[in-house]
Amino acid sequence: MRVLDASWLAFPNYDGNGKYQSMGNLLKNPHVGMLFSDFEQGRRLRLQGIATIQEADELLRRFTEKILLC
């Protein structure tokens with residue numbers, strides 16, 4: 001996960017089962033919710049937004065998988 005600025009996050013798509021289901025779902029419905037848990041501090045952060053799949057972004061050089069920008 002990378003925080004790019006106040007409005008953008010980037011993270012790779014780790015293709016666990018080879019079916020492209022998560023990214024494929026985003027093509028139909030780009031509305032996403034993400035939950036981050038801090039188990040040590042007992043905190044959580046929920047983010048909601050619109051996701052896009054970037055096939056030709058400069059961040060691709062830093063990740064071995066495709067990235068998702070939210």
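Author: Here are some questions and answers about this chain. The model is predicted, so local features need pLDDT of at least 70 and side-chain atom pairs count only at pLDDT 80 or more, while totals for chains, interfaces and linings use all residues. Residues are numbered from 1 along each chain as its sequence is written, and side-chain values use heavy atoms, leaving out hydrogens and water.

Reader: Why is valine 32 called buried?

Author: Buried means under 20% relative accessible area, exposed over 50%, and partly exposed in between, with a 1.4 Å probe and protein chains only. Valine 32 has a relative accessible area of 18%, so valine 32 is buried. Of the 70 residues in the chain, 24% are buried.

Reader: Where does valine 32 sit?

Author: Valine 32 belongs to strand E3, residues 31–38. Strands (E, at least two residues) and helices (H or I, at least four) are DSSP runs, numbered from the N terminus. The chain has six strands and one helix, in the order β-β-α-β-β-β-β.

Reader: What makes E3 and E4 a pair?

Author: Two strands pair if DSSP finds at least two bridges between them. Eight bridges join E3 to E4, and the two run antiparallel. Glycine 33, for instance, has glutamine 48 in E4 as its bridge partner. Four residues lie between the strands of this hairpin, where glycine 42 takes a positive phi near 70°.

Reader: Which strand has the highest confidence, and which the lowest?

Author: pLDDT is the predictor's confidence in each residue, from 0 to 100. Strand E4 (residues 43–50) is highest at a mean of 94, and strand E6 (residues 67–69) is lowest at 54. Where pLDDT is low, the predicted coordinates should not be read in detail.
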